[in-house]
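Hi,

Here is the structure I promised to pass along. Have a look at it first, and then read on for my notes.

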Amino acid sequence: MIRLLFALCLMAGGLFGAHAAGAAESWFTPHRGFYQMSLAAAESSSGIIGATGETYFEWVELCDGWNVNQHTELNFATSQDTSDRIDLTFSGFEAKDGSLMRFQSSQITNGGMTENIAGEANMPAAAGGGAGAVTYSAPGKFSLSLPEGTLFPSEYSRRMMLRMRTGESGYAAIMFDGSSTDGPYEVSSIFSAPRMHERPGAAPSSAKKEKVWPVRMAYFPLRGGDVEPDFEVGALINAEGVAHRYDIDYGNFAVRAVLVRYEEIPFPDC
């Protein structure tokens with residue numbers, strides 16, 4: 001469950017990415033976002049009949065990198081007349097040159113800690129610089145290698161959105177997001193033609209609309225032998241990288257997050 005639900009954070013940390021050249025050339029908006037969550041779809045095999053909750057997300061630009069903070073509260077109702085409350089938190093720092101990512105995440109289920117992950121990932125800053133590594137300090141001390149060319153979420157986002165905005169049909173790369181001990185994923189994104197959609201908070205059928213791109217992201221593990229993704233994420237993203245809504249599809253059920261409130265955060269004075 002934690003790997004699935006932290007995709008919510010990845011949508012925040014990944015799709016709200018920034019241009020590494022700095023604020024003057026940026027097309028993103030650092031901000032706080034507040035999302036209402038619900039069950040988008042569920043098969044009977046999932047045992048889930050309902051989901052409600054909310055997500056708070058904060059994305060802040062620093063002079064040398066970005067900070068991401070997120071908290072999700074999600075309540076599941078099951079076909080066995082039981083309910084589960086899951087609280088997820090994530091905080092991370094990513095250097096603008098793509099060389100460093102620090103991360104900490106946790107999951108509390110029904111009041112008890114069920115997952116705690118922390119560590120630091122390093123990649124050679126120069127292109128073609130070779131493999132990198134991630135060193136975990138929790139849940140235990142161990143290390144994993146990162147293949148040459150692995151990207152962290154903001155850099156993946158930057159490259160993906162540049163292609164999206166110029167009319168290309170997709171983008172794929174290896175990405176490590178720090179939300180699990182599984183290592184990196186091969187993330188394949190497909191873009192559809194932009195369309196007009198109500199701005200966050202606007203009433204249906206109002207005149208307050210803006211251009212958004214439908215995006216579908218599939219996450220494939222690197223262990224090999226799998227032809228199906230572990231999960232998929234679908235979103236509607238505006239030109240500044242803000243997701244109006246997104247769905248996390250885990251196969252037999254999907255969770256939806258809808259942006260209900262938005263606050264801009266100033267760019268740093270560097």
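Below is what turned up, going from the whole chain down to single residues.

Please keep in mind that this is a predicted model. The protein chain has 270 residues, and 51% of them count as buried. Its secondary structure comes to 2 helices and 15 strands. If you look at contacts with a sequence separation of 6 or more, 53% of them are between residues 24 or more positions apart. The chain exposes about 11900 Å², with carbon and sulfur atoms supplying 50% of that area.

Next, the interior. In soluble globular proteins, nonpolar side chains tend to be buried together. Here the largest nonpolar core has 36 residues, and the members that touch the most others are Phe 76, Tyr 156, Met 160, Val 215, Met 217, Tyr 219 and Tyr 246.

Now to the cysteines. How many disulfides does the structure hold? There is 1, and it joins Cys 63 to Cys 270, with an S to S distance of 1.9 Å. The torsion about that S-S bond is about -105°, so the disulfide is left-handed. Cys 63 sits in the loop between strand E2 (48-61) and strand E3 (65-78), while Cys 270 belongs to the segment after strand E15 (253-264), so the bond ties together parts that are 207 residues apart in sequence. Are these two cysteines buried or exposed? Cys 63 is partly exposed, at 47% relative accessibility. Cys 270 reaches 68% and counts as exposed, because the cut-off for that class is over 50%.

A few backbone details may interest you if you plan to check torsions. The peptide bond from Ala 138 to Pro 139 is cis, with omega near 10°. You will find Pro 139 in the loop between strand E7 (132-138) and strand E8 (142-146).

- Asp 81 has phi near 60°. It lies in the loop between E3 and strand E4 (83-95), and Asp 81 is exposed, with a relative accessible area of 74%.
- Asn 110 has phi near 50°. Its loop is the one between strand E5 (100-109) and strand E6 (112-122), and Asn 110 is partly exposed, at 48% relative accessible area.

Which backbone oxygen does the side chain of His 244 reach? That of Glu 198, at 3.1 Å. His 244 is part of strand E14 (residues 243-249). With 4% relative accessibility, His 244 counts as buried, because the limit for that label is under 20%.

That is everything I have for now.

Best wishes

Methods. Residues are numbered from 1 along each chain as its sequence is written. This is a predicted model: local features need pLDDT of at least 70, side-chain atom pairs count only at pLDDT 80 or more; totals for chains, interfaces and linings use all residues. Side-chain values use heavy atoms; hydrogens and water are left out. A nonpolar core is a set of buried Ala, Val, Leu, Ile, Met, Phe, Trp, Tyr and Cys residues joined through side-chain atoms within 4.5 Å. Buried means under 20% relative accessible area, exposed over 50%, partly exposed in between (1.4 Å probe, protein chains only). A disulfide is a pair of cysteine sulfur atoms within 2.5 Å. Helices (H or I, at least four residues) and strands (E, at least two) are DSSP runs, numbered from the N terminus. Contact means heavy atoms within 4.5 Å. Accessible areas come from the Shrake-Rupley method with a 1.4 Å probe; for residues, only the protein chains shown count as cover. A polar contact is a pair of N or O atoms within 3.5 Å; within protein, one must be able to donate a hydrogen and the other to accept it, and residues adjacent in sequence count only if both atoms are side-chain atoms.
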